[in-house]
Structures are given as structure tokens and as C-alpha cells.
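These are my notebook entries on a structure that is new to me.

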Amino acid sequence: MNTKKRFLVTSALPYANGPLHIGHLAGAYLSADIYVRFLRMMDKDVVFVCGSDEHGAAITIRAQKDGITPQEVVDRYHEEFKEAFTRIGLSFDKYHRTSAPIHHETSQDFFRTLNNKGEFVKEESEQYYDPKAEQFLADRYIKGTCPKCGYEEAYGDQCENCGSSLSPTELINPISTLSNATPILKKTSHWYLQLDKYEAWLKEWIETGKVDGVELHNPEDWKNHVIGQCKSWLDGGLQKRSMTRDLDWGVDVPQEIEGSEGKKLYVWMDAPIGYISATKQWALDNNKDWEPYWKDEDTALIHFIGKDNIVFHCLIFPAILKAHGEYILPVNVPANQFVNLEGRKISTSKNWAVWVNEYLDDLPGKEDELRYYMIKNMPETKDSEFTWKGYQDAVNNELVNNLANFVNRVVVLTNKYYDGVVPEFDADLMIEVSGEDDEPGFHDSELLELHDKCQDCAEYIRTFDFRSALKTVMEISSRGNQILQFNEPWKLIKEDEETVKVVMNLALQYVSALSVITLPFMPFTSARITELLNVPAIDPASGYLDMLNKLCEDESLIEAGHKIGEASHIFSRMPDDVIDAQIEKLKASEKVEEKVEIATPVKETISFDDFTKLDIRTATIKTAEKVKKADKLLKLTIDLGFEERTVVSGIAQFYKPEELPGKEVSVLVNLAPRKIKGIESNGMILMAEDKEGTLSFVSPKEKWENGSVVR
């Protein structure tokens, strides 16, 4: 366990430009909520903050699409976020927003401090400008092909396929998302953070956990893909990065700084500071001091994010914090990967998603069923999959058949045999309990074994292994079921009432433990179990610690003589028709989106001379193989008739390597060579893409000769 005195935990600020879906929950929110609830229950000093990210290009894009103002956009989605987070049981100490005055002031103070310290350099440079829309383009207004993985929908600041951080000028074939025009480069002035200046200490910090010889974190505690992505970026050499933009929506560059007119803070300068302004607002609301949580080395700062935010939270924001000089650095950034939905990537634009508020409307009272399934399949180290049938199976076979069944049997039998009163028993009485060797044991030894299991669960949470922690919870429930099944109190009651008292008392201790350890994962279920047991709600400030201490001392969690409540099922089965309806709804909502979809606009007009510069030839694929560490890339050897070439193409999700030798294709052969994943690609295979995003080769119906010119 981290030995720091206090904890400041953050979840990535969601963009206020669309509703919350299950991918968001699995990426940055459920994991943080489990961790924070556990810390509180271990009597730790912890503050959990988040808030709506209300600036940046994504907001203005949405406003233009909906025909409303950016402020109307953020107001709408900020309220939707708050509602969804509350309904699904997220326990933020403060959910804030970056449009708040305190955030603007905090962000401007940060910029002012860094500028006064000479951490910025102001430079004139050429940046992309949309000649049709007549405005400079923020990074998210530009799309193109990723130079590192070949993904054709990469943004100007990041490729969401491979996670690489980009600059707009690195994109291949960039287009403006405002007009589909090809952007031009035009001069403008901006303030740049000199990331190359911090490269040495960032590298030391990421790889060793130390800065100037002082240990700040243990890199072995960080996830491999987080360290790997940071190292990859560092190995490529850090470049200065603009901290301002030419926009009309966002946080103003402080007016007293010369040349600030019309300039806004870059969203990745502004948004992470939202964690600080949220903490400030929490402190004001609760008459607390915010500074120890951000400036005291005895505080553990932990960022929960998705993998698309790794570089910003592990390199850029730490650089900003250290450049300021007064702030601590994170001790861990446990980034999760992505969740796919029914075999496909979640897509907001295609309406291929399970929206949190819609789920809660359709399935009222099923908050914990969703939390359970999302945690069970949390993408902690690799992408995971949500399917409605998988959800149904988890609810019916695990929550109903295991957990609910155990709790219900214990409550029913206690009411049947003892009028709902926890039975007293002879402490020296030996009973048989189920185990690997079916060895006999005592009531107190079983409590110690329960303690060890609860301790295992705690250790998994401490190391951010939430899937294993949840599995341990279910193992405890399974153990309770085994104790009942092995001893069969419904039969034994006729011949040995004293032993049944031991069995049922022990089973009630298990149920009581489950009311505690389910709280971080399924808070609504924890409340239902305490209601069945007729005990007060679990103390959110020390409940887990109290339970461990009692079990360690062989003390009962629920005392003999206490009267419990009447039986009631804590979960119910999910019938086929309900699940089928959700599957049909998902498919139907996507079809509606397709019906209103506008055809891809024709690109900007070019001259015949421009067209004649393209040298497109016919070719045949000779060999194909997967590119290492790139799920969507294939390395192709193509025969042009007059020579063979290597081309890297992002078609692995549509074609298997063994299917491709002999395929006839069209190739743009005079495209400048470019290295992709360390392989020099000489050319581009021409593909056609349908509305589903499926790619297919551009090939004639008849046999051709390799090297023929396509005109």
C-alpha cells in the first residue's frame, strides 16, 4: 500500500460534447471509484475530483453541428454527466467544470507563472489554416493518416488507434473537418512549452521513478503499456509544444501579456489544471486547505485515465507541474485500455454505444449489474469486449446463482430456524467445512480464512488489479455457498441442532463480510445486504478496516442475538427478451444514424495538372505478414512488373495475410517513402471504403498486366 499521508485521486475530465457511454466508465471512472471507496474504508485521507472539460475544439465542433452556442453545449452535457455519474454511483468529492471562474483564474495564473519564469518561448510559425472556413485550425479540426500506424482517421494532436501523440503537420493527407478542404500553412504566433528542455528528467522519472536522485514513484508499480508508450515518445525525442491556440472559445491568455489578443490556452494546458481548480473549489466548499493535496510530498497524486491520454498525463502535465515549481508529480497513472462493443469499436458518431443514462432508464435498479460486468471485463492491460449476452450470463450465473443465492439462502434459513435471530453456539464445537481436502475446522479458523480472503481483495485493489479483486469477492460468496452445501443444514437440523447453529452463524459472518467488501464495487448491493441484515449502513470512512480488525481478532462481524430482516433477492435474472430488446435497440439506433448520414463531401477541386502528378499502377501482392505490435497493419510485398516494393497497409482487420498473395491491386507508386513501425513503406494501396467503414481493394474485373498505368 502506498505509505503517503494523503491521496489526491483524479479521473480524466470527460469532454462535454456528447453523452457518457460504457467505454468512459471502463476507462477512467469505475476503477477510480473502487480505489477511492476502498481508501476511505481504510480510514485514509483522500480527495476524489473530476469535472467536465468544457473547452477545446471538440466543443465548438459540436456547437456548429447542433447549431447552438458552445456555452449551450457544455451546459447541456455537464448536467448529463452529473446525472449519469450520480445514478451509476460514482463518489466524487467534487465534480467541477472548466468554465467556472475559479478554473479560468487558476489556469491563467499557471500560464502567467510559467511565462514569467521563462518556461515558454514565443515563436512565429506556420500552422494549418482552412481557406474555406477562413480560420486557423485547432488540432482536433484536422484529420489525416497517422504516420506511425497508418490509421486514416487520426486527429492533429493524437492517433486514437495507436495512441501516438502527433502534431498536425505530421499527418499524411490532412483535411479540415470544418469544410473537408485541404488546409494550407499560414503564419501565426504562439507560446511554446520547451518539452525538449525537460527530456532528461522526464526520462529519468519515467524509467527509474527518480528525479535528481530522489525516488518519487516505483516504475514497477506502473502498467507496462503506460511505461512503454512514454518510452516510445521519449525515444523519438521531445519537441516544443504550443500552449496557445487561435480560437474564440476557451481560457484567455492573460491580457497583460503582449500579443495575447485572440489567443486561448491550449486545451491540454487548460484541462489538467481542472484537477487543481476542482480541488480548490472542494476546499472552499468544505472549509479545507487545498494546497497540501497538490504541494506536499506526503501526498500521493494518482490519475485514472484511458490509454489515449497517457502522454498528456505522464509527460506534458508533469512537465507543466515541475516547470511551475510548487507542485508534486503523480505517483501512478493506471491507464486502462479500450472497451469494444459487440465486436466493434464504440463509435459516438455512428451511435454504436451503450449510453449510461439510457441504460439506467431502460433497466432501472440495475446499476450494480452494469458496474459488475464492466469491472469483470475492465480493460486493465488490453482491450476488452462488452456483449449483451455476456452481460446476461454474468448477471444470471454469477450475481444471481452465486451471490444472490447465497445471501438469500442464509437469510431464509435464519428466519426459518431462529425467527431471524443470529444463533449462539458452542465455540469449541468442531464442524466440517468444505475445502480442498475437506478437512475439519473451527468457526474461528474459518473467520481467519475469511480475513485472508478479504486481505487478498484489499491487496488487489491497492495494486490496481480490480478484476482480480472482484473475482475474490465472488470467491468469498462461493465459499459461503460451499459451507452450506457441504454441511446441508436443512438436513442436519433434524439430528444435530447445535452444529447447525455453528454453520448458520458462520454463514451470517460471510454475508456480513460481503456487505462490506461489495461496497467499493457494487455500492447499491452493499446497501441491500445491510438492509437484509438489519444493520446500519457500512461506515464509508473505516468499514473495511474495521472488518479486517475484527476478523483478525476472531471477533464476530454480526453478533449472536441480533435480529435480521426478512428475505429478499438482491439480484434477479435477466430474461432473454430484455437482452434481445437491447441488442435490437443497438442495431436499430445505428440504422437510424445511417439513414440520416450525409454522403462524404467531395474534396476541394484540383486541376488536371494536379491529377497527372499521381502515378497509379497495377500490381499483384506476392507476400503478406502482420506487423509486430500493430493490430491493423500488414507488411505487403507487391509485384509492379518492373520491380518489387514493400508497402505497409492498415487492412489487417479486413484481410488475413494468407488471403492476400495473388490479389490484384492498384498502387500509388510516387508517394514519398515513409517509415511506419520501423518499416519503410514505398507506396499506398488504393482502397474503397463503404458506409460501414469496411475497406476493399480497387481492382478491375479482368486480369491485368502488372505495372499498367491507371489513368
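In what order do the strands of the open sheet lie? I noted first that the model is predicted. The open sheet has 4 strands in the order β5-β4-β9-β12, with antiparallel pairing. I recorded β5 (135-136) and β12 as the edge strands, each of which pairs on one side only.

Entry on the strand pairs. I found 10 bridges between β4 (residues 120-130) and β9 (residues 184-193), which run antiparallel. Within this pairing I looked up Lys122, whose bridge partner in β9 is Trp191. Strand β9 is also joined to β12 (residues 241-242) by 2 bridges, again antiparallel. Here I saw Leu193 opposite Arg241 of β12.

Entry on aromatic pairs. I counted 32 aromatic pairs. In one of them, the ring centres of Phe92 and Tyr95 are 5.5 Å apart and the planes stand at 40 degrees, so I listed the pair as tilted. Both Phe92 and Tyr95 are buried. I also placed these two residues in an aromatic cluster with Tyr29, Phe48, Phe81 and Phe85.

Entry on Tyr129. The aromatic pair of Tyr129 and Phe136 is edge-to-face, at 5.2 Å centre to centre and 75 degrees between the planes. I then found the charged end of Lys186 over the ring of Tyr129, 4.0 Å from the ring centre.

Last entry. The charged end of Arg6 sits over the ring of Tyr293, 5.9 Å from its centre.

How values were computed: Residues numbered from 1 in each chain as written. Predicted model: local features only at pLDDT ≥ 70, side-chain atom pairs only at ≥ 80, totals over all residues. Heavy atoms only, no water. Pairing = 2+ DSSP bridges. Phe/Tyr/Trp six-rings, centres within 6.5 Å; stacked < 30°, edge-to-face > 60°. Buried < 20%, exposed > 50% of the residue type's maximum accessible area, 1.4 Å probe, protein only. Lys NZ or Arg CZ within 6 Å of the ring centre and 35° of its normal.
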